[in-house]
Amino acid sequence: MPAFWAVHDRAAGGTVEERGRAIVEGFFTPEIEAYRGAGIGRVDFVRWLQVFDPMAAAVRRLSAQFPALWQAHAARFRRALPDAADDAPVTILPSFYYFDARVRMWRDRIVLFVGLDGVVRLHGADADLGILLDHESFHLYHHQVNPTLLLPAGDPLWLGIWKEGLAVHASAVLNPDATRLRVLLGDAALATSGPELIARVAAELPPVLGATANATRARYLAYDYRGDIPARSGYVLGWVIAQRAAAQGRDLAALARLPATEAEALIRREILALAR
């Protein structure tokens with residue numbers, strides 16, 4: 001993030017309001033297309049700086065380390081899945097706490113956006129990026145080998161559950177010694193969840209599996225959801241479904257290539273079974 005740090009450092013010493021304006025004018029506006037691609041909208045830069053300042057040194061260290069971390073990660077990932085593309089587009093930026101990492105369509109390609117401020121805020125100054133990068137890299141791979149996943153009306157809920165569950169499953173397969181907590185990116189509520197949560201979530205899903213509205217998807221897939229079930233419960237449900245599919249003899253490459261129509265049928269069938 002050299003361009004960001006240059007603007008950030010030039011503005012040092014100003015008031016928080018002045019620094020916020022400098023970031024808007026010197027970095028955010030010139031990079032607005034990337035931010036639109038990443039799905040980042042309105043930002044309160046003053047509030048962001050107040051939270052960011054105490055962790056800026058940690059974000060700067062991670063920013064300097066990231067190119068080498070990514071290179072080593074990508075090489076390890078391709079050893080596990082040799083047909084993974086070696087030119088996966090990765091964009092590093094401050095996400096202004098919208099996310100730690102996410103995969104989105106931008107400029108006719110599936111792109112990985114990594115928000116290092118979000119990584120440090122969600123995972124700590126000494127974040128272990130191995131699982132996070134495996135999770136997101138599998139999303140890239142999933143889309144690379146399976147164009148049927150690009151649905152014209154956007155991702156319905158069933159597809160979000162399948163994508164996220166399969167990415168969690170891939171992280172577990174690629175890191176066989178990792179704890180359940182680590183595979184679930186440090187989410188203690190999900191890591192300690194059991195069959196009762198799976199059955200409850202599965203029982204309420206059938207009427208809404210085709211929903212594409214963010215409000216419906218958020219209950220099961222958003223990390224900042226607050227309600228009567230743990231945030232991102234759809235991840236752990238999808239993981240269970242992916243494990244059951246893998247038990248039938250499908251490896252990661254085969255599961256990634258499952259056509260969307262077959263994946264939907266699998267999700268619907270397994271949800272009915274898990275709700276019993």
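Modeller: Helix H5 spans residues 56-80, which is 25 residues. From its first C-alpha to its last it reaches 34 Å, close to the 36 Å expected at 1.5 Å a residue. That expected span is 1.5 Å times one less than the number of residues. Helices here are DSSP runs of H or I, at least four residues, and strands are runs of E, at least two, numbered from the N terminus. The model is predicted: local features need pLDDT of at least 70, side-chain atom pairs count only at pLDDT 80 or more, and totals for chains, interfaces and linings use all residues. Residues are numbered from 1 along each chain as its sequence is written, and side-chain values use heavy atoms, without hydrogens or water.

H5 has a kink of about 45° at Gln-65, shortly before Pro-67. The bend is the angle between axes fitted to the seven residues ending at a residue and the seven starting there. Buried residues of H5 include Leu-62, Phe-66, Trp-70, His-73 and Phe-77. Buried means under 20% relative accessible area, exposed over 50%, and partly exposed in between, with a 1.4 Å probe and protein chains only.

Next, the sheet. Three strands form an open sheet in the order S1-S3-S2, with mixed pairing. S1 and S2 (101-106) are the edge strands, each pairing on one side only. Strands pair if DSSP finds at least two bridges between them. The twist averages 30° from one strand to the next. S1 (residues 90-93) runs parallel to S3 (residues 109-115), joined by 4 bridges. Val-90 has Leu-112 as its bridge partner in S3, and Thr-91 has Phe-113. In S1, Thr-91 and Leu-93 make up the covered face, while Val-90 and Ile-92 are on the uncovered one. In a regular strand, side chains alternate between the two faces of the sheet.

Helices pack here too. H6 (residues 116-123) touches S1 and S3, and its direction makes about 55° with that of S3. H7 lies across S2 and S3, at about 20° to S2. Axes are lines fitted to C-alpha atoms, for helices over the stretch in contact; angles run from 0 to 180 degrees between N-to-C directions.

His-142 sits in H7 (residues 129-145). His-142 is buried, at 1% relative accessible area. Its side chain reaches the backbone oxygen of Ala-256 at 3.5 Å. A polar contact is a pair of N or O atoms within 3.5 Å; within protein, one must be able to donate a hydrogen and the other to accept it, and residues adjacent in sequence count only if both atoms are side-chain atoms. Not counting residues up to four places away in sequence, His-142 touches residues including Trp-162, Leu-166 and Leu-255. Contact means heavy atoms within 4.5 Å.
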